[in-house]
Amino acid sequence: MSRRYSGRHPGPKTGGIQSGARSGEFHPEISEDLLAQCMHCGLCLSVCPTYALTGLERSSPRGRIRLMKSVMDGMIPVTGTFEYEMNFCLDCQACQTACPAGVRYGELVESAREFIQTNKKGIGLKRVLLRKFFMGRSGLRVVSALLRVYQKTGFEKVVLILAGVIPIGILKRARLLPKLSDKFAIDILPEFLEPKSPARGTLAVLTGCVMDAMYADANVDTVDVLRENGWRVAVPHAQVCCGSVNGHAGDNETARALAIKNIEAFEETGAEYYIVNSAGCSAFLKEYGKLLAENPHYSDRAKRFSGRVREFSEFIYETGYRKPKSKTESTVTYHEACHLVHTQRISTQPREIVKEISGDSYRELDEATWCCGSAGIYNMVHYDEAAQLLDRKLENIKRCGAHTVIAGNPGCLAQIAAGAKNGKMDVEVIHLATALNRLYKSEK
Ligand code: SF4
Ligand code: SF4
């Protein structure tokens with residue numbers, strides 16, 4: 001049984017939710033059964049980073065679930081506090097992993113966010129910007145081109161010096177920006193590439209948007225590793241952003257439009273599996289079936305699409321990959337991206353590959369599944385809280401003594417690399433595909 005947030009709770013103007021909120025354009029549903037599933041046992045509290053930061057019940061999974069239920073039951077209005085807490089949540093889903101009752105917390109918080117966004121008066125600047133940026137490749141291209149100029153002309157150096165002297169607002173955030181790729185992988189790679197060993201079948205690869213802007217080399221490495229292992233690889237040039245950033249921010253309308261474009265682009269390739277090397281994107285692509293469940297033209301195609309999606313490490317571990325002849329020279333550890341370990345329950349596969357390629361140089365990371373604070377655009381919006389989570393991650397990295405950190409998500413790669421650089425740590429942060437491909441290349 002499910003019931004919609006009705007928008008019938010007049011809230012104060014302070015939080016941006018207006019009384020008499022409209023409903024009907026979207027249908028954000030929160031399952032009453034899902035909410036009722038929470039037994040309020042509190043077993044999720046110890047794994048929740050925002051609860052660890054504030055110690056407040058309302059910043060915990062249990063507290064947020066209570067807030068959602070109270071709003072849905074009409075016990076409290078939708079307030080600024082409600083909106084704040086839904087957005088203060090990292091959506092890391094660590095609570096989902098810990099929950100003995102199987103509460104699908106991620107679905108709850110994302111529905112609540114969609115409800116908030118849908119019922120806001122006006123479309124909201126954040127949503128407009130995210131829509132412009134991710135809807136097509138042109139927004140991404142323009143912003144990336146400007147940032148490349150900013151980084152290459154030395155202007156960035158001035159900003160970073162200023163950020164050290166006056167650590168405020170945008171200046172602090174400038175310290176998080178990684179070096180942008182010179183070119184997108186999607187512009188370098190042809191649409192079809194033949195395997196480097198006897199053919200096993202055809203795959204299609206998602207290059208992503210943030211991933212391709214910041215880690216185009218990891219995309220090229222991903223394609224190389226797949227070809228090395230006998231796969232013919234398609235890189236559909238008509239693909240677009242997966243829609244996760246919009247979806248997580250409550251804009252499912254944009255996410256659905258992007259999903260449709262991707263379904264069409266990937267179907268064209270005739271590939272058996274769709275390989276994704278970014279945790280956030282693979283988690284979201286696996287949800288296209290649910291996202292488009294109400295669309296009469298695309299629901300079946302979306303389900304088929306999601307059934308073909310495999311995260312990179314999941315795929316190569318399960319189908320088999322050639323073990324490199326040598327091991328990594330550096331000491332290596334593995335950080336578990338939230339959307340891999342918690343959302344997709346992918347942990348053994350990448351960890352085993354990392355152990356295999358690093359041998360005796362492998363170091364276990366304490367709290368490897370604890371969020372690094374990146375969480376989409378969370379580190380921009382909640383800079384100070386994200387910085388505290390990053391410090392905790394860096395302390396654990398220092399303690400384990402690794403000089404290479406492997407992770408499977410661009411946000412984590414950028415966040416940890418920025419922290420290591422700003423903290424003058426001798427640590428390189430790379431994607432698993434890059435680590436593996438370096439070893440393959442060293443054999444030639
Ligand atoms: S979400 Fe799960 S772990 Fe947390 S209080 Fe509810 S039932 Fe317990
Ligand atoms: S998703 Fe993460 S931050 Fe949000 S309530 Fe769950 S554990 Fe806490």
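Glu-110 contacts Asp-91, Gln-93 and His-248, its neighbours within four places in sequence being left aside. The model is predicted. Glu-110 belongs to helix α6, which covers residues 105–118. Asp-91 and Gln-93 also take part in the surroundings of ligand 2, and ligand 2 sits in the second largest cavity.

**Glu-110**

- In sequence, Glu-110 and Asp-251 are 141 residues apart.
- In space, the C-alpha atoms of Glu-110 and Asp-251 are 9.7 Å apart.

**Ligand 2**

- The residues around ligand 2 are Cys-48, Pro-49, Thr-50, Pro-61, Arg-64, Cys-89, Leu-90, Asp-91, Cys-92, Gln-93, Cys-95 and Tyr-105.
- Helices α2 (49–54) and α3 (61–72) are the elements that give two or more residues to this shell.
- Sorted by class, the shell around ligand 2 holds eight nonpolar, two polar and two charged residues.

**Ligand 1**

- The largest cavity is the space taken by ligand 1.
- Ligand 1 is surrounded by a run of residues comprising Cys-38, Met-39, His-40, Cys-41, Gly-42, Leu-43 and Cys-44, together with Arg-62, Ile-65, Cys-99, Pro-100 and Ala-101.
- Nine residues of the shell around ligand 1 are nonpolar, two are polar and one is charged.

**Helices α13 and α19**

- Two packed helices are described by the angle between their axes and the distance between the axes.
- For helix α13 (residues 216–228) and helix α19 (residues 312–319), the axes come within 12 Å and the crossing angle is roughly 10°.
- Because angles under 35 degrees count as roughly parallel, α13 is roughly parallel to α19.
- On the α13 side, the contact is made by Thr-222, Val-225 and Leu-226.
- On the α19 side, Phe-312, Phe-315 and Ile-316 make the contact.
- The contact residues of α13 and α19 comprise five nonpolar, one polar and no charged.

Methods
Residues numbered from 1 in each chain as written. Chains lettered and ligands numbered in written order. Predicted model: local features only at pLDDT ≥ 70, side-chain atom pairs only at ≥ 80, totals over all residues. Heavy atoms only, no water. Near = heavy atom within 4 Å. 1 Å grid on protein atoms, 1.4 Å probe; cavity = no way out; pocket = protein on both sides within 12 Å on 5 of 7 lines; lining within 4 Å. Sits in = over half its atoms within 2 Å of the grid points. Nonpolar A, V, L, I, M, F, W, Y, C, P; charged D, E, K, R; others polar. Axes fitted to C-alpha atoms, helices over the stretch in contact; angles between N-to-C directions. Helix = DSSP H or I, 4+ residues; strand = E, 2+ residues; numbered from the N terminus. Parallel < 35°, antiparallel > 145°, perpendicular 65-115°, else oblique. Contact = heavy atoms within 4.5 Å.
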